[in-house]
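Welcome! Here are some friendly notes to read alongside the model as you find your way around.

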Amino acid sequence: MKCDVNSFTWRTHTCGELRSEHVGQQVTLCGWVQFHRMGKFITLRDGYGVTQLIIPEKSPVGYLMKNLSLESVLKVEGTVVQRPLEEQNKKMATGEIEVEVVTADVLGKSKPNLPFNIRDFQKVKESLRLMYRYLDLRTSNLQKNLRLRSNVTMKMREFLCKHHGFVDIETPTLFRRTPGGAQEFVVPTHSPGKFYSLTQSPQQFKQLLMVGALDRYFQIAHCYRDEGAKADRQPEFTQVDIEMSFTSADRIKSLVEGLLQYSWPKEASNLSTPFPKLTYKEAMEMYGTDKPDTRFDMKIIDVTDIFKNQNIEIFDKVLMNKENSSIKAIVIPKGALHINKSLLEKFEEIGKCLYSLEGLVNIFVKEDLNWKSILCKHVSLELQQKLKKNLELQPHTLVLISAGETRNVLQLLGKLRVECAAYLQSKGLNIWNPKDFNFLWVVDFPLFLPSDEGGLEPAHHPFTAPQEQDTHLVYSNPAAVRSQHYDLVLNGQEIAGGSIRIHSSELQKYVLTDILKEDLTELQHLIEALESGCPPHGGIAIGLDRLMCILSGASSIRDVIAFPKSLDGKDLMSGAPAKISDELKKFYFIQTPPSN
């Protein structure tokens with residue numbers, strides 16, 4: 001069935017619809033004045049494209065347009081005519097025709113001198129765009145992104161509901177605190193000392209739905225987290241939330257792969273399934289991160305055995321004095337031609353400040369495969385040859401070597417791997433294909449990670465089930481337990497995370513009280529539900545904002561959200577968060593420090 005975007009409106013066609021086959025037709029268009037010149041030509045724009053209008057000489061419409069500001073709203077009626085061949089615009093979808101205006105009505109006048117012009121070729125500061133988001137929404141880029149998001153979301157609903165029998169259920173956003181998760185927003189009530197929390201995810205509700213025999217649930221869920229400013233996060237965000245009973249991790253992964261294939265835009269490159277898979281341990285050892293970008297190689301290589309016992313002070317000192325220490329390297333093709341001293345100094349500072357690693361050794365490989373490095377005076381020619389062979393060194397490569405505690409070394413080189421690749425890509429090197437979409441499942445995560453307080457914290461969330469063969473370790477060695485947690489990574493960004501859940505009330509109580517030291521009273525409703533006959537279940541949440549950002553090629557998730565917050569979590573358009581009156585404070589029993 002063809003989609004009719006002109007139904008129930010005054011217009012007969014959109015401003016992006018008319019072609020040569022429409023010549024001679026009487027049409028009605030509605031849109032915004034993007035440009036006018038010579039009192040004769042008008043470019044009319046709507047959310048679907050632009051059409052050139054031509055005003056006949058001595059037409060009263062010309063007088064009407066004479067003092068009309070750009071971005072005013074028009075309704076025009078006229079005849080589609082062919083443009084002269086020499087005036088046709090091949091770069092414009094409607095560039096072979098124009099509409100000769102018969103009548104025109106001004107439906108909404110715009111004030112002159114708006115904060116910025118709606119032009120694709122003009123760069124406008126993001127803060128100004130967010131302050132006047134209603135103007136920014138008129139740009140072709142945001143129009144494209146938001147319509148793409150709508151289409152993908154609708155296909156997801158169709159796949160889940162129509163083809164696989166899922167039930168779309170809205171869950172509350174006002175709830176109580178969830179322990180063991182992200183920082184939540186609190187909402188005051190007019191009951192003294194009583195607060196709601198905005199849900200950071202529907203996690204508990206979807207588990208309760210499984211207890212309630214609604215065994216196939218999903219929703220396009222709004223979630224809230226009061227976290228610090230981050231470039232790829234918003235305080236409110238959207239996820240595709242899915243939960244199933246009587247399932248397994250592999251079945252959920254297969255469902256997600258089918259969902260993405262079904263909803264993937266036709267204009268994007270095809271998806272090949274099943275997606276590749278790495279364990280958490282493999283991802284960390286090869287890429288230094290649990291969300292590796294696999295569009296390019298540059299894997300981390302262990303060179304500990306090569307440098308061990310070679311009387312190289314900078315390496316021997318690390319290996320002798322620290323447990324779990326190693327020496328690792330990354331090889332950057334063509335890096336010797338483009339990465340300069342100042343960039344290397346920045347990399348060293350990252351190692352010191354973020355990972356407590358002293359020194360970052362570099363080797364510049366020359367055209368003849370000889371080295372330029374501080375190591376040259378410390379290593380024999382035989383060792384140089386061994387390193388060349390093991391690292392498969394080519395002319396003009398750059399080698400970065402780090403030594404220290406293994407976890408920190410991996411994280412540093414993982415970060416530098418991505419920074420170097422992005423830098424070389426910006427210099428015109430074809431490190432990855434911008435049109436590629438590389439999906440990767442990361443599995444076998446630890447169930448718990450060390451916390452800053454010296455105990456343990458959930459690697460995913462406190463409701464994640466251990467792998468069956470590791471369940472006994474929960475009681476004897478919880479730090480060694482592997483979880484039934486799985487992440488989906490796309491081009492180096494986590495776009496989905498899920499797990500099989502704990503459905504045993506005894507195991508859930510032990511994890512919360514004995515391992516995580518949480519107050520069980522805050523989750524008593526969930527514990528009682530698990531005691532009421534709970535089926536095995538699991539699910540996943542797909543980060544819709546991040547997925548659409550990557551899919552559309554946007555530079556920020558704010559470019560795929562209609563009304564986003566700024567980087568520091570503010571609504572620049574309305575001024576939220578804003579102060580409230582003393583009367584409201586009194587009603588909600590809120591006390592605030594006196595303002596300066």
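This is a predicted model: local features need pLDDT of at least 70, side-chain atom pairs count only at pLDDT 80 or more; totals for chains, interfaces and linings use all residues.

1. Begin with the overall picture. The protein has 596 residues, and 48% of them are buried. It contains 18 helices and 23 strands. Along the principal axes, its C-alpha atoms fill a box of roughly 95 × 70 × 60 Å.

2. Next, consider contacts and surface. Among contacts with a separation of 6 or more, 68% are between residues 24 or more positions apart. The protein exposes about 31400 Å², and carbon and sulfur atoms supply 51% of that area.

3. Which strands pair with E18? One is E12 (residues 277-279), which runs parallel to E18 and is joined to it by three bridges. Here Lys277 has Trp441 of E18 as its bridge partner. Another is E21 (residues 485-490), paired with E18 in the antiparallel sense over four bridges. In that pairing, Phe439 stands opposite Leu490 of E21.

4. Now for the empty space. Rolling a probe the size of a water molecule over the atoms shows where such space is left. Searching the whole structure turns up one cavity of 30 Å³ or more, and the largest cavity holds about 30 Å³ of space. Its lining consists of Leu447, Phe448, Pro458, His461, Pro462, Thr464, Ile502 and Val511. Six of these lining residues are nonpolar, two are polar and none is charged.

5. Finally, visit the second largest pocket, which has a volume of about 820 Å³. Its lining has 32 residues, with Cys549, Ile550, Leu551, Ser552 and Gly553 nearest the centre. By type, the lining divides into 14 nonpolar, nine polar and nine charged residues. Which helix gives the largest share of this lining? H4 does, with seven residues. Helices H4 (140-164), H6 (249-263) and H17 (544-552) each supply at least two lining residues.

Notes: Residues are numbered from 1 along each chain as its sequence is written. Side-chain values use heavy atoms; hydrogens and water are left out. On a 1 Å grid over the protein atoms alone, a cavity is a set of points where a 1.4 Å probe fits but cannot get out, and a pocket is an open set with protein on both sides within 12 Å along at least five of seven lines; lining residues have an atom within 4 Å of a point. Grid points are joined across faces, edges and corners, and a volume is the space filled by probe spheres set on the points. Ala, Val, Leu, Ile, Met, Phe, Trp, Tyr, Cys and Pro count as nonpolar, Asp, Glu, Lys and Arg as charged, and the others, Gly among them, as polar. Buried means under 20% relative accessible area, exposed over 50%, partly exposed in between (1.4 Å probe, protein chains only). Contact means heavy atoms within 4.5 Å. Accessible areas come from the Shrake-Rupley method with a 1.4 Å probe; for residues, only the protein chains shown count as cover. Two strands pair if DSSP finds at least two bridges between them.
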